[in-house]
2 protein chains.
Amino acid sequence: MAPDDDFELTDFTPYLLNAAAEAQSQEFSRVYRDRYGMLRTEWRVLFHLGRYGEMSAREISRRASIHKTKVSRAVSALEAKRFLQRRPSEEDRRVELLALRPPGRAAFDDLSRAAAAHEAELEARLGTQRLGELRLLLRELAM
Amino acid sequence: MAPDDDFELTDFTPYLLNAAAEAQSQEFSRVYRDRYGMLRTEWRVLFHLGRYGEMSAREISRRASIHKTKVSRAVSALEAKRFLQRRPSEEDRRVELLALRPPGRAAFDDLSRAAAAHEAELEARLGTQRLGELRLLLRELAM
DNA sequence: GGTGTATAGTTACTTTTGTAACCAACAAGG
DNA sequence: CCTTGTTGGTTACAAAAGTAACTATACACC
C-alpha cells in the first residue's frame, strides 16, 4: 500500500519551506498592506527603486526575478499612488526610467525600518548564529 | 535619504524564505503537474488521504491549514480524476468522508516515492546535518 | 418543540496571477 | 533603405486564490 519509506509531510522540505515562508510573509505583508495598500510585488519594486535608485522596469525584473507583467502592474499601481515617476530614456525610446517621488521615498524609508525591525525580532528569536545559518541555507536553496 | 541601516533585500529573511520556497516548490510541482495534472492543493489533499486514511474535508483543512474552499475545490478536482470517493458520514449528515480509490492510491504511492527521492537529493546536496538544522529552523518559523 | 448559534461544505463574486499575443523601437545584415 | 529577429513594455484572456454569502445539519438552552 504505502511506500515502505512513508514519511510525514512535515519532513518534506518544500512543504516546510512553504509553510515558513507563508507565515513570515503574511506577518510582514500586513505592514505594507495596512499602511499603504500595497501588494508584495509593489513592495519589492518600491524596495528596488528606493535601495538602488532610478532604473527601468526591465532592470527590476531582472534583478528581482519578477516577471515583467507583474512588474508592469506593480509600477502602474505605484504610479497611481504617486509613489513613482516615469521618465523616458534618451538612449532607448522603448525604455522608461522609474524613480521614487517624495511620498514613495517616505514609504520606502518607513517600510525599510519596519523590515529591519522585523528582521531584528527574528534575530532575537532565533539567535544571531542560527539566523545566519538559516540565511546561508536559504541562499543555497534559492539557486 | 535611505535609512541609516539600509540593508539588502537578500538579507531580509521573508524574502529569502520565499525565494527558496518558490524554487523548491516549482521543482516538485512539475512532477505532480506533468504526471497527473494536479495543483499543489490537490497534491496536499491526496497526500493526507494517502498517508492518514479516510477523513473529512474539514479534517484535512485543519491538519494542513488549508482554507476549506481550497480543500473543497481540490476534492472536486480529485473526484473528477476518479482519485477519491465521497461517502456520507453516518453520525453527522453534514460530513462527507473522503477516501482514495485505487488510481488515487497509485498516484499517491508514485508521488510519495518522487517526494522521497527529491528529499534524498536535497539531503545529498546539503548534508544530513545541515538539512536537519534547516528543518528545525523552518518548523520554528512556521509556527 | 422553538430559537439561536455553530459547523461542514459549496457557490458566487472579486482580486491576483500566469500566459500569450501584441505594439513600438532597436539592431544587424544584406 | 528594407528585411528579420530581438527587446521593453502593455494589454487581453484564462486560471487560480481569497472573501463572503448561502444551504443544510447539528447542538444547546429555554
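A backbone N or O atom of A:Arg58 sits 2.4 Å from a phosphate oxygen of DNA strand D. That is a polar contact: a pair of N or O atoms within 3.5 Å; within protein, one must be able to donate a hydrogen and the other to accept it, and residues adjacent in sequence count only if both atoms are side-chain atoms.

Ground rules, quickly. This is a predicted model, where local features need pLDDT of at least 70 and side-chain atom pairs pLDDT 80 or more, while totals for chains, interfaces and linings use all residues. Residues are numbered from 1 along each chain as its sequence is written, chains are lettered from A and ligands numbered from 1 in the order written, and side-chain values use heavy atoms, without hydrogens and water.

Back to the DNA. B:Arg73 goes to a base: its polar side-chain atom lies 3.1 Å from a base nitrogen of DNA strand D.

What kinds of residues make up the surface near DNA strand D? Three are nonpolar, five polar and twelve charged. Charged means Asp, Glu, Lys and Arg; nonpolar means Ala, Val, Leu, Ile, Met, Phe, Trp, Tyr, Cys and Pro; the others, Gly among them, are polar.

Now the two chains. Contact, heavy atoms within 4.5 Å, takes 57 residues from chain B and 57 from chain A. How many salt bridges link chain B and chain A? Eight. Each puts a side-chain nitrogen of Lys or Arg within 4 Å of a carboxyl oxygen of Asp or Glu. B:Asp11 and A:Arg139 form a salt bridge, at 3.1 Å, N to O.
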